[in-house]
Amino acid sequence: MQRSDLPNDFVVGTATASYQIEGATHEDGRGESIWDAFARVPGAIADGSTGDVADDHYHRWPEDVALMSDLGFDAYRFSIAWPRIQADGTGAPSRAGLDFYRRLSESLLERGVTPWATLYHWDLPQALEDRGGWLHRDTARRFADYAALVAEELGDVVTDWITLNEPWCSAFLGYGSGHHAPGRTVGTRAAHAAHHLLLGHGHALEALRATVPSARVGTTLNLYSVRPAGDSDGDADAARRIDGLSNRFFLDPVLKGSYPVDVLDDLGETEWFAENATDDDLRRISAPIDFLGINYYSRHTVASGSSPSADAPASAYPGSEHVRFISTGAPVTQMGWEIHPDGMVDVIRQANALAPELPLYITENGAAYPDRVDSDGDIDDGQRAEYLEAHFEAARNAVAEGLPLKGYFIWSLLDNWEWAWGYSRRFGIVHVDYETQKRTPKRSARWVAQFLQDAVPASRV
Ligand code: FCB
C-alpha cells in the first residue's frame, strides 16, 4: 500500500479535540464545560483524572503544528472549545479565545497544513447545560450564534467546517447511558437531545453559509457496520434496531430530511417527534452540505436477548435494551473494539446510497493499544501501524469501487485524554509523556511519514 494508490487530491490528515488536548481550562477567561464538571464526579472517569492539563496543547501548539507538518499531513482537524469563545454559551466572544484559534490556523496554513475546524466536539458550556443542555431546544439557537461568531472571525483562514462531532455520542452517551458528560440518564428522551443537536447543526449550517459563503460545511457522524449474529428473526431485528439507532437515526434526517419511523417506534417517541420535529426543522437539518464526515472504528455483531432487570445500568440504546453485543473472537483493540477494516467500506456505502454525489471523508479512524516505552525511549507500536495500514487499504478499496471518499484523518496525532477512560487509553501516533509533556513519534508515526512521502502532492513540494 502506497500513497500513490490513492487519488492525488485525496486528503490525508489527523484529528484531535479541544478538551482532549488543550488543558489550560482556567486560562484566558475560558468558561466551564460539561466535561470539566463531569470529570469531577467521583467514579465518572476511569483513572479519576481531568483534562485540566491534558497535552498542554494550549501552550505547546507551535510544536504540535511543526510535528504534523514534519510528518507530512495535508490537513489537521481540530475542534474549537465553545467555552473559550463564550464562557457561558451566550453573548460577546472572547478575544483571547478567538485569537488562539486564529494563530493556530494561520500557523497551519504557513506550514502547508489545511485547517479543518469542528465547532462542537462535546464541550458544551456548563451554563447552557444548567438550562437543560441539549434536551432544551434553545441550545440549538445558542449553537448557531456561537457558530456565526467563530465564522465571522476565522472565515478567512478556515475553509472546511464540521458542525458536530458524533451527535450519537452526545445524545445517547451523554443523556442515555450517562457514560459521557453531562452524565444524565433520561432513557428514550435522549432522542430529544439528538434532535436538538441535529437542529443545532441545521441552524449552524445556515449561520456559516450566511457569514462565509465560500465555506465548505459538513457534519461528522460515527457510523458502525452492523450485522446480525445469526439467521433468526430476533437477530435480524436486533441488527435493524442498532443500525437504526446508531446510523439511520442520524443519516436519514441529514441526508433525506426524515427520521426513520421504525426507530421512533422502537424508542416509543413517535408522538414527541410528530409534535416537535417540525417540517421546518427537518428542512434545516437536511439542507445541502458540502461533505459528510464519518468516524469509523468498529463493527457491531448483535443478537436478540432477554430484557435486563429493572436495576440494570442505563443503556445507550434506550428502548432496545434487550439487544446483546456479541464478541466474534476477532482481534480487538485495547478499547475492546473489533478490528474490521471492511466495515469502513460498509458505512461509506451506506451513506453513499442516500446521497450518491456527496463527498465523504473519514474524519476519524485509529486504535488504542497499551504502548510500552522501550529502554531506548522508542515506542514500537506495530499493531497501530498495521491497524492504520489496513484502514488505508479499505479507503483505497472504497475509492476503487467508485465511492466518493475524498480523505481520511487519523485519530489521533497525540496521546490524549480519552473521555471516560481518562489518560488510560492512548490513541496517538505520537507518544506524550504526561509528566514532562515530551512528544515522541511512535513507530506508527514513522510509518505514516513514510507513507505520506510517496507521491507528495505538487502543492507541497
Ligand atoms: C471518538 C471521539 C474522539 C475519540 C475517539 C477514540 O468517538 O470522537 O474524540 O475519543 O472516539
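How many helices and strands are there in the protein? There are 16 helices and 13 strands, where helices (H or I, at least four residues) and strands (E, at least two) are DSSP runs numbered from the N terminus. The model is a predicted one, in which local features need pLDDT of at least 70 and side-chain atom pairs count only at pLDDT 80 or more, while totals for chains, interfaces and linings use all residues. Residues are numbered from 1 along each chain as its sequence is written, and side-chain values use heavy atoms, with hydrogens and water left out.

Consider the overall form. Along its principal axes, the C-alpha trace of the protein spans about 55 × 50 × 45 Å. The radius of gyration, taken over C-alpha atoms, can be set against a globule rule of 2.2 Å times the number of residues to the power 0.38; with 461 residues, a compact globule would have a value near 23 Å, and the protein, at 21 Å, agrees with this. Of the 461 residues, 61% are buried, a word that means under 20% relative accessible area with a 1.4 Å probe and protein chains only. Among the contacts (heavy atoms within 4.5 Å) with a separation of 6 or more, 78% are accounted for by residues 24 or more positions apart.

R77 has its place in strand β2, residues 75-79, and R77 counts as buried because its relative accessibility is 0%. R248 is found in helix α10, residues 233-256, and it too counts as buried, because its relative accessibility is 16%. Leaving aside residues up to four places away in sequence, R248 touches R240, D243, P253, P260, D262, V263 and Q350.

The last topic is empty space. Rolling a probe the size of a water molecule over the atoms shows where empty space is left. On a 1 Å grid over the protein atoms alone, a cavity is a set of points where a 1.4 Å probe fits but cannot get out, and lining residues have an atom within 4 Å of a point. Grid points are joined across faces, edges and corners, and a volume is the space filled by probe spheres set on the points. By this rule there are four cavities of 30 Å³ or more, and the largest cavity has a volume of about 60 Å³. The lining of the largest cavity includes I34, W35, Y120 and H180. Helix α8 gives the largest share of this lining, three residues.

Key
Buried means under 20% relative accessible area, exposed over 50%, partly exposed in between (1.4 Å probe, protein chains only). On a 1 Å grid over the protein atoms alone, a cavity is a set of points where a 1.4 Å probe fits but cannot get out, and a pocket is an open set with protein on both sides within 12 Å along at least five of seven lines; lining residues have an atom within 4 Å of a point.
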